[in-house]
Amino acid sequence: MLIGVIADDFTGASDIAVTLAKGLPGEGGLHTTQYLGVPQQPALSDVEAGVIALKSRSLPADQAVQQSLEACEWLLAQGCEQIVFKYCSTFDSTDAGNIGPVLDALAQRLEAKRVVVCPAFPAMGRTVYQGNLFVHDRPLNESGMAHHPLTPMKDADIRRLLARQATTPVSHIGWQQVVQGSEALAARLQASDSDAAELVVIDALSDRDLTVIGIAAAGSRLISGGSGIALALPHNMIKAGKAQGNRAALPRVEGATAILVGSCSGATRGQIDEHQKQHAVLALDIQDVMHERVTADDIVQFILTQQHACPLVYSSGDPDSVQQAQQQFGQHNISRRLDQLFGDAARKLVYEAGIQRLVVGGGETSGAVVSALALGSLQVGEEIDPGVPALFAQRTVPLALALKSGNFGRNDFFAHALQVLAGA
Ligand SMILES: Nc1ncnc2c1ncn2[C@@H]1O[C@H](COP(=O)(O)OP(=O)(O)OP(=O)(O)O)[C@@H](O)[C@H]1O
Ligand SMILES: O=C(O)[C@@H](O)C(=O)CO
């Protein structure tokens with residue numbers, strides 16, 4: 001294994017996994033596997049990039065650090081030369097963690113001196129300029145992320161956010177320096193052994209900038225960012241003669257379908273509205289969920305009786321209803337209950353009801369579903385939409401999955417994803 005990634009949620013893991021599997025246009029990527037948690041066994045010998053999906057984004061910081069270090073040890077034991085810490089392109093975290101504390105710990109473990117910090121993902125409108133994160137034309141805190149149920153983002157300045165979270169000093173490289181190219185940037189990132197560690201926030205407005213940064217960071221033991229930071233990493237390995245740029249062909253899966261959605265993001269709510277114009281949709285009422293008046297069996301029954309109409313079950317609410325529910329029940333109680341419900345439903349759907357194509361909306365929700373399914377590892381297939389690959393579990397009965405980050409995907413994403421999983 002050449003490159004190891006520690007991702008702080010499951011959809012984020014598939015986002016960077018598909019970036020590594022794709023590589024730069026015309027060049028090809030790496031043979032990539034996504035692991036669901038830290039594996040107990042060694043990786044297969046043909047895996048070039050391994051992405052460990054943790055569900056650490058909203059854990060207490062000490063647990064996020066411990067899990068990330070365990071993941072790092074496993075990746076190092078597989079021979080990884082470079083470790084990437086993947087967080088959200090909207091830098092989802094609280095003042096108490098988790099990006100800063102995990103970076104502190106990984107930098108110390110890997111004796112990394114200059115650690116790139118770059119959440120930019122231009123394909124999804126996330127860019128970093130003068131240390132500030134934008135979502136399209138809005139600073140992060142005005143993008144809707146201030147209402148996120150678990151990690152409300154109320155500041156756009158990555159340098160300030162990180163300085164509140166990390167003990168390692170934070171510095172910044174502006175876009176004006178990035179456009180001078182990889183060589184100049186590499187010189188800035190190389191530090192002598194006596195230098196203290198530094199978290200270096202780097203501006204990036206385009207894939208071209210991310211490519212410059214990725215090439216400049218070829219020799220870095222530790223880098224961090226959104227999936228865009230991995231764009232040029234396969235190129236570095238191919239150029240060094242360590243990888244060929246080939247990818248294995250993956251299966252197409254037809255068969256029964258289910259869509260489970262817990263994301264409350266604006267994009268996801270728009271996709272649910274679109275889906276219900278032509279397909280079957282069941283809304284879970286949060287009062288019913290919290291008073292246990294709705295069960296996993298109710299979800300399974302709906303999915304099975306509506307097979308002709310691409311059935312979708314969602315809990316998602318708008319910011320007002322989410323806030324009301326949080327005041328009444330507490331966000332962590334809601335998440336725990338919804339995770340349990342979606343996880344139980346997924347287990348019954350896949351292992352008892354024979355569902356073969358499963359689409360999940362939301363990172364936390366995907367984490368709950370995939371953990372309940374205990375799949376171990378997934379092969380990374382083609383990109384359905386930016387940042388969302390088709391994923392395949394090798395089982396006697398094939399299972400294809402799409403794990404969608406809250407804000408990702410075209411308006412008709414859910415029906416489109418089912419088609420791509422079937423090879424349409
Ligand atoms: N109606 C609701 N009221 C309050 N909380 C909800 C409701 N529906 C879902 N949630 C919670 O909101 C959170 C949504 O997080 P999730 O990570 O699944 O989506 P997301 O944040 O939009 O996606 P991503 O992390 O990929 O950006 C989950 O913890 C879920 O339990
Ligand atoms: O970086 C992103 O935006 C996504 O991969 C993600 O992590 C959302 O959960």
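From which domains does the shell around ligand 2 draw at least three residues each? The shell draws at least three residues from each of domain 1 (3–239) and domain 2 (257–421), where the bounds come from an automatic or database domain assignment. The structure is a predicted model, in which local features need pLDDT of at least 70 and side-chain atom pairs count only at pLDDT 80 or more, whereas totals for chains, interfaces and linings use all residues. Residues are numbered from 1 along each chain as its sequence is written, while chains are lettered from A and ligands numbered from 1 in the order in which they are written.

To the contact between them, domain 1 contributes 26 residues and domain 2 contributes 30 residues; two residues are in contact if their C-beta atoms, placed from the backbone, lie within 7 Å. On the side of domain 1 that touches domain 2, α1 (10–22) and β2 (32–36) each supply at least two residues. Such helices (H or I, at least four residues) and strands (E, at least two) are DSSP runs, numbered from the N terminus. The most is given by α1, with nine residues. By class, this side of domain 1 comprises eleven nonpolar, ten polar and five charged residues. Here Ala, Val, Leu, Ile, Met, Phe, Trp, Tyr, Cys and Pro count as nonpolar, Asp, Glu, Lys and Arg as charged, and the others, Gly among them, as polar.

Helix α1 also packs against α14 (residues 363–373), at an angle of about 95 degrees and with the axes 6 Å apart. Axes are lines fitted to C-alpha atoms, for helices over the stretch in contact, and angles run from 0 to 180 degrees between N-to-C directions. The two helices α1 and α14 are therefore roughly perpendicular to each other, a description that covers angles of 65 to 115 degrees, with those under 35 degrees counted as roughly parallel, those over 145 as roughly antiparallel and the rest as oblique. Phe10, Thr11 and Gly12 of α1 meet Gly363, Ser366, Gly367 and Val370 of α14 in this contact.

Both ligands were then examined. Around ligand 2 there are 13 residues, of which Gly12, Asp15, Ser89, Gly363 and Ser405 come nearest; a residue is near a molecule or strand if its C-beta atom, placed from the backbone, lies within 6 Å of it. Helix α1 provides the largest share of this shell, three residues. The shell around ligand 2 holds two nonpolar, nine polar and two charged residues. Ligand 1 is surrounded by 27 residues, the closest being Ser263, Gly362, Gly363, Glu364 and Gly406. Two or more residues of the shell around ligand 1 come from each of α12 (319–329), α13 (331–351) and α14. Eight nonpolar, 17 polar and two charged residues make up the shell around ligand 1.

Elsewhere, three strands form an open antiparallel sheet in the order β6-β7-β8, where two strands pair if DSSP finds at least two bridges between them. The edge strands, β6 (126–129) and β8 (138–139), each pair on one side only. Val135 stands opposite Arg138 in β8. Gln130, in the loop between β6 and β7, has a positive phi of about 50 degrees although it is not a glycine. A cis peptide bond, with omega about -10 degrees, joins Gly97 and Asn98. Most residues other than glycine have a negative phi, and most peptide bonds are trans.
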